[in-house]
Structure formats: structure tokens, C-alpha cells
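Please consult the sequence and the structure below alongside the numbered points.

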Amino acid sequence: MNTLKKFLPFLGVVITLAVHLLVPDSDEHPDAEKPYFAWILYFFLGATFFLGVLSLKVQKLGKYFERTGPFWFGTGVVVIFFNVVIGKLALIPVLFFPKFDNILAMFFEDGVLILKCILYSTRLLLTGLFFGTVVGFVTGVCLGFSAKTYYWLNPYIKLLGPIPATVWIPIALTIFDTPYAASVFIVALAVWFSIALMTSSAIQAVPNSYYEVARTLGASPAFQIFRVGIPAAMPSIFLGVFYGIISAFLALMTAEMFGAKYGIGWYIIWQKAMMVYSGVYAGLIVIAVYCTLTLTLLFKLRDKILNWQKGIVKW
Amino acid sequence: MVTENTTTDAKDFIQIKDLVKTFVSNKGETITALNGVNLEIPKGSFVSLIGPSGCGKTTLLRQIAGLAAPTSGGVFINGKKVTKPGSDRGFAFQQATLYPWLTIRDNISLGLRARHIYKEHAKDVDEFIETVGLKGFEKSYPHELSGGMNQRASLARALVGHPEILLLDEPLGALDAFTRMAMQDEILSLWKKYKTTMIMVTHDVDEALYLSDYIVVMKARPSKVESVIHVDLSYPRVRTQDVFVNYRKQILELLDFAGQVQEPEYYL
């Protein structure tokens, strides 16, 4: 039974490939230059078989596939379902729902451009994230520790913070010289609010006893801020970064839709404008993988820095 | 001698003079937590503050620590008025209150780091880890250890800077009965070893009798010092000894908890 589970991913690919090869595509779809979907399936066929054999030997991998085997098989079934509905029977308009071959063709034939877009988006994301995090953190620390700052600034922040960052685009475009600078501003703004909010509320929620302990040990006010208050608030600050990145993705995609030369958001809009829906789907796949990888990386970083408190938010 | 209302100004004493502390409650009423307390505590003694909830014993301890300002009067240590917390007074809180992001060792050495004297006292940290029986757990995080172990780390943290005075706010209150008795012995041996003046708040009459040479009995509403009992017994004390039981009776009577044999109104 457990051996079967280890080969379930392989079996999933086998039936997906079988259905794909045995049932002809609908004539309504334009043909792709090469059978890209079959290529991909051949690759997975080899990969899953190899991993299946390997998991018989490597215990950790074996455990992983015993747990996830059924899921990967289920993924095969989902893929078959969409392949039949879209590619084989063309039950929904082929213009808006291209078959897999045509979507994959975008990666093979337009790959360089897509890669360029990913790099461009990454540059924008990192720059915006950097400024947003730094300014957000400083804002949060000031609001959290200084009652005066909180009194004078917090009402404005409460008023301005919840406005979706993208609404500021028309204003950002007039303030900044280049569309790129405006995009950075929008991404940074999206990150800033959630980090500032989470940081200040976390610092205010630090139990008073933490500071009392520090005071009885002869700690200076600076020590209490940097070695007690901020570390205690770190888990919530991290959550702020997490929410910040999610709103940054949204801001990023929207920001790229004006005046950008490259970028994943720009790519999707451009493809849509040209009615190349296979390009739109290719862009969506890139975004999904991109965002998931970014968040996975973030949580790996969290487990390293905040190893004293694992698994508050699971990813 | 711990005495009430003395006017000696011997330097080595902790002197508490006409100490008044009032709070304003949420409803706007003024609550008197300490109503003119006078007390003197000799160096090196072990003093317990005991009394019902609301008698101000924790407030008094926090005053000695300098965690809150007095309304009037004051606490004087070596003749100097206490205005803020200082490293001459260690404080062990009711909850261990270790920082969860630091290892046990880093928690214990926190005070030394805060005062920038860690390097020259790194050996002290090891010594105290050994003394409180946490060797081998230096690199653990507080959530990985039991409540008793955390409380020991908290004691080590308070003691590692060699304070002259250790203030203990029911440090054993959150522990189970067996861990508690074992910890009482550890506190005694720490006291013997480092000659620290110990001032401990407790609810537990037996604990106070087992540990202290002076017991300050306090009463609530109005909160004041009822009396000071000198426990003239040698250490280690035996909880079942007759003298011990007599002291116990005396304190319970002062606290009005001795209980009386009441004549039932009806017989069946």
C-alpha cells in the first residue's frame, strides 16, 4: 500500500498522458508549433518514476510521498478534467480558454521576455519592499514607544492607512518624475501601512512586566526599547511584513499597468490587449509561482530568525 | 532587629519611613495601599511579608524595588532614598517572566549585558547556572523547560549581578507543592551562600516560617503592619516540630485565621 502511494504521482502522470494522447484535440483550437504539453508530461513521467524509485531508498522522501502521493494523483485528475473540457471538447470559448499546448508555447517561445518581466517585477518589489519596510518599522516603533507621537500622528495614519495604495496612482504620477519612481512609491505605501500598524500595536501589547524585569536589572531606556520591546514585538512585526507583501503583490501588478516597459503585471495587460489569452494564463502561472516562492522564502527566513516561536502562522 | 517605629539611622539598614502609597481607581476613588508603614530591616536577614490579599505587601515590595514612586514617606537603603530600580536590588517576580526569545543563559546574563559588565562576569553566569541546577539547559528556550526550571532561571537572573538585596514576590506561588518545597531549600542555600538580604512576599505561613528570621504580618483595610515576629529557630527547620507549630498558631491568630470551635446551635 505504501509502495503504491509512492508511485501514485507517477500513475497520475500516466493516466494524464494516456488521456492526452488517445483523445484528439478539438479542431476549434489553433495548433501549437510543437506538442509542448506532451513534452511536459514526458518530463514529469520520468521525474515521478525516478522520485518513486528514489523514495523506496530514501526514507525522508518516502514519508513525503506516502503523505502527498494521493494529492499528486488528484492533481492529475484535475488536469485531465480541464484538458478534456478545454482542449479535447472545447466546451467553453476557445478564444478565452486556450488549450494547454498554447499556454505552454508562451514559455517556450516568449521565455526571454517573460524572464525579463520577472526580473523587472522583482526589482520593483524589492525596492518598494525595502523602503516600505524601513519607513513602516520606524513609524511603528515611534508610535509604539512614544505616547506623544501616537497622539499627534495616529489619527492621520488611521485615516490614510486603509486607503488602498493603488488609489494613490494618479497623485503619485504627478509627484514623481518617472513612472518607475511612482510605482516604487505605490508598492512601498502598500507595505508601509501594515508594517507600521502591526509594529506599533505589538509594541504597545508587550507586557509591562517585561519592562519591569529589565528595569530591576538596571537596563537603560534604550536597552528596554531595542533589547526588550522590539524583540518581544518581532512575531507581530513579521506578520505585518507578511500582510505587507501580500498587498505589495497587488500594488505591484496594478502599478505595472501604467507606464511600465516590462513586468509581469504589464505582460498580462499587454497580452490581454492583443487578445492573446494564452499569454494571460502564462502570466497568471508566473504570478502564482512567484508569489508562493516569495512567501515560502519569507517563512523560511522567519523560522531562522524567530526559531523560538515556530508555527504561529503556517505556510 | 526588625522593629516598628524605630528611629535609629544605622547605615546598614533598609529603612522604611512613614511610607504612604495611594492609587486612584478607575472609578476615581482613592485607594490607600500603604497607610504609613515604618519598618527597619537589618542587612543579611531573611524577611517575609505575609498577610491577606489587599494588605499592600506587594505594593511595599515594589516600593523597595523602586518600581513605583511613594505618595509620601520613603524607603531608604544605606540612608539613601530609593527613587528608581537599581542593580543593588534584585527582583524575582511571581511569574518567571523570562524573555521567550532568549536562551536560558542569555536570559540569566541579561542584567550584566544591560550594565555592560558581561565580559568580566561571564564566569558568574556559569556559576549561577550550576547553583540553580540548570547546567545542560543553557541553550534551551524558556518554553522548552518546566515552570520550576524557569523560576530557578529567574532567581539566577536576579542574583547573578550580586545584588545586596533580593526582593521576592511570591516567586514560588505558581509552582506545585513538591517543586515548591524543593525550591524553598534552594532559596535557603542561595541565601546562606551569598548573604543577600532577602525580602519575600508570600501567602503561605509555612513557607514564611520555614525560610525567614523575621515575619512581618500585615493587615488589610486599612493596610498596615500588624506586628513583626522574630522566628528564633535554627536552620534547617523541621516543619513538624512543636515550636514551629506554635509559631504557626501565633501567626494564624494574628491573621484571624486560627478558627474557633463554635457551639452548634442545634444538636441532632
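**Note on the two chains and their contacts**

1. The model is a predicted one. A:Glu212 and B:Arg62 form a salt bridge, in which the closest N and O atoms are 2.5 Å apart. Across the interface of chain B and chain A, the rule finds 1 salt bridge, and the pair A:Glu212 and B:Arg62 joins a residue of chain A to a residue of chain B. The rule also finds 3 residue pairs in polar contact across this interface, with both residues at pLDDT 80 or more.

2. Which elements of chain B give two or more residues to the side that touches chain A? They are β6 (89-92) and α3 (110-114) of chain B. Of the elements, α3(B) gives the most to that side, with 4 residues. By class, the residues on the side of chain B that touches chain A divide into 11 nonpolar, 6 polar and 5 charged.

3. The extent of the interface may be stated in residues and in area. In chain B, 22 residues are in contact with 17 residues of chain A. The area buried between the two chains is about 1,900 Å², and carbon and sulfur atoms give 67% of that area. On the side of chain B, the residues that lose the most area to chain A are B:Tyr99, B:Trp101 and B:Ala114; together they account for 31% of what that side buries.

4. Over all chains, the structure holds 16 salt bridges. One within chain A is formed by A:Lys88 and A:Asp25, with the closest N and O atoms 2.7 Å apart. A:Lys88 lies in helix α3 (residues 59-88) of chain A, whereas A:Asp25 lies in the loop between α1 (2-22) and α2 (36-57) of chain A, so the pair ties together parts that are 63 residues apart in sequence.

5. Two packed helices are described by the angle between their axes and the distance between the axes. In chain A, helix α5 (residues 111-145) and helix α6 (residues 147-160) pack at an angle of about 125°, and their axes are 6 Å apart. An angle from 65 to 115 degrees would count as roughly perpendicular and one over 145 as roughly antiparallel; α5(A) and α6(A) are therefore oblique to each other.

6. Which residues meet where these two helices pack? From α5(A) come A:Thr139, A:Cys142, A:Leu143 and A:Phe145. From α6(A) come A:Ala147, A:Thr149, A:Tyr150, A:Leu153, A:Asn154 and A:Ile157. This contact has 7 nonpolar, 3 polar and no charged residues.

Key. Residues numbered from 1 in each chain as written. Chains lettered and ligands numbered in written order. Predicted model: local features only at pLDDT ≥ 70, side-chain atom pairs only at ≥ 80, totals over all residues. Heavy atoms only, no water. Contact = heavy atoms within 4.5 Å. Buried area = accessible area lost by both parts, 1.4 Å probe. Salt bridge = Lys/Arg side-chain N within 4 Å of Asp/Glu carboxyl O. Polar contact = N/O pair within 3.5 Å; in protein donor to acceptor, adjacent residues only side chain to side chain. Nonpolar A, V, L, I, M, F, W, Y, C, P; charged D, E, K, R; others polar. Axes fitted to C-alpha atoms, helices over the stretch in contact; angles between N-to-C directions. Parallel < 35°, antiparallel > 145°, perpendicular 65-115°, else oblique.
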